[in-house]
Amino acid sequence: MALDTRTDRRPSFAGLLWRSTVGKKTAMAVSGLVMLLYLVVHMLGNLKIFFGAADFDGYAAWLRTIGEPFLHHEWFLWIARVVLVSAVVVHAVAAYQLSRRDLAARPTGYARPSPGHRPGPGRPAPRLLRRRRASYAVRTMRWGGVILGLFLVWHLLDLTTLTVNPRAEAGHPYANVVASFSTWYGNTVYVVAMLALGLHVRHGFWSAAQTLGANRPGRDRVLKALANALAAVLTAGFLAVPVSVMTGVVS
């Protein structure tokens, strides 16, 4: 008689956490904050273009030497890329799975008026209003995420691999940025993506604060103001470069 040598393995804490709704929301919040930190640093680096080609090209070259001699040439960039890609993947997968879970668990009668409430003409029920606001926020985040994902692919092909930049020249990042934003389609793609980014950051920062327990009755107004300020600063900071190229300030 063969003996059953199989043993029941208990799922790890990380596995249990990932399967839970709270765990997925936490993963989304943490990965979102990692990407937000990157965006702030990236925006500040982009603004060096206003100091001229020498400064901007020097900054781009410096990025490849961070950590030397402990790290080899470009190792820091590759480490940062791996971390960023991991954050993007975790964020996207958690968002997709939470969306599917939310659709599966949504009750049929969710939008019915509360007992005793008389909506009247032009006055939707409070629960319906909350449902509409939540649906708008979810749609904004969902489609904003899709737009940003597609833009990330375009951005890499445009200014990293230089595949879709017709006038790009390896080793000349300043000139490549100017070349990219000298085309109508390059500007259109970038502007649309940055507007989507602003909306995504605005709602995402507030959601992350709620998930991580940072919101309190006395802090809500401050956190909402911070979310709005971050979204506005990032959007304006990123859009400053293409607008300056279009208007001839940067050339």
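**Helix packing**

H2 passes H8 in a left-handed crossing (left-handed if the near helix is turned anticlockwise from the far one by less than a right angle, right-handed if clockwise). This is a predicted model, in which local features need pLDDT of at least 70 and side-chain atom pairs count only at pLDDT 80 or more, while totals for chains, interfaces and linings use all residues. Residues are numbered from 1 along each chain as its sequence is written, and side-chain values use heavy atoms, with hydrogens and water left out.

- H2 and H8 pack with their axes 9 Å apart, at an angle of about 35° (axes are lines fitted to C-alpha atoms, for helices over the stretch in contact, and angles run from 0 to 180 degrees between N-to-C directions).
- On the H2 side, Leu36, Leu39, Val40, His42, Met43 and Asn46 meet Leu230, Val233, Leu234, Gly237, Phe238 and Val241 of H8; contact means heavy atoms within 4.5 Å.
- H2 also packs against H4: the two axes come within 8 Å and cross at roughly 145°.
- The crossing of H2 and H4 is left-handed.
- Residues of H2 that make this contact include Ala27, Met28, Ser31, Gly32 and Tyr38, and those of H4 include Leu84, Ala87, Val88, His91 and Leu98.
- Serine 244 lies in helix H8 and counts as buried at 9% relative accessibility (buried means under 20% relative accessible area, exposed over 50%, and partly exposed in between, with a 1.4 Å probe and protein chains only).
- Apart from residues up to four places away in sequence, serine 244 touches Phe50, Val249 and Val250.

**The chain as a whole**

- The protein chain has 8 helices and 0 strands; helices (H or I, at least four residues) and strands (E, at least two) are DSSP runs, numbered from the N terminus.
- Along the sequence, the pattern reads α-α-α-α-α-α-α-α.
- Of the 251 residues in the protein chain, 28% are buried.
- Among contacts between residues at least 6 apart in sequence, 63% join residues at least 24 apart.
- The accessible surface of the protein chain is about 16500 Å², and 66% of it belongs to carbon and sulfur atoms (accessible areas come from the Shrake-Rupley method with a 1.4 Å probe; for residues, only the protein chains shown count as cover).

**The loop between H3 and H4**

- Most residues other than glycine have a negative phi, and most peptide bonds are trans.
- Glutamate 68 and proline 69 are joined by a cis peptide bond, with omega about 5°, and proline 69 lies in the loop between H3 and H4.
- Glutamate 74, in the loop between H3 and H4, has a positive phi near 75° although it is a residue other than glycine.
- Side chains of opposite charge can pair when their charged atoms come close.
- The structure holds 1 salt bridge (a side-chain nitrogen of Lys or Arg within 4 Å of a carboxyl oxygen of Asp or Glu).
- In a salt bridge, the side chains of glutamate 74 and arginine 64 meet at 3.3 Å, N to O.
- Both residues lie in the loop between H3 and H4, so the pair ties together parts that are 10 residues apart in sequence.
- Glutamate 74 is partly exposed at 24% relative accessible area, and arginine 64 is partly exposed at 31%.
- Histidine 73 is placed in the loop between helix H3 (53-63) and H4 and is partly exposed, at 49% relative accessibility.
- Leaving aside neighbours within four places in sequence, histidine 73 is in contact with Arg64, Thr65 and Glu68.
- Histidine 73 and leucine 63 are 10 residues apart in sequence, and their C-alpha atoms are 9.4 Å apart in space.

**The loop between H5 and H6**

- Leucine 162 is placed in the loop between helix H5 (126-159) and helix H6 (173-180).
- Leucine 162 has a positive phi of about 65°, although it is not a glycine.

**A nonpolar surface patch**

- Val30, Leu33, Val34, Trp75, Ile79, Val83 and Leu212 form a nonpolar patch on the surface, with about 570 Å² of accessible area together.
- Patches are made of residues with over 30% relative accessible area and no salt bridge; like charges are joined within 9 Å, and nonpolar side chains (Val, Leu, Ile, Met, Phe, Trp, Tyr) within 5 Å.
- Helix H2 (21-46) and helix H4 (75-105) each supply at least two residues of the patch.
- Leucine 212 is in the loop between helix H7 (184-211) and helix H8 (220-247), and is partly exposed at 42% relative accessible area.
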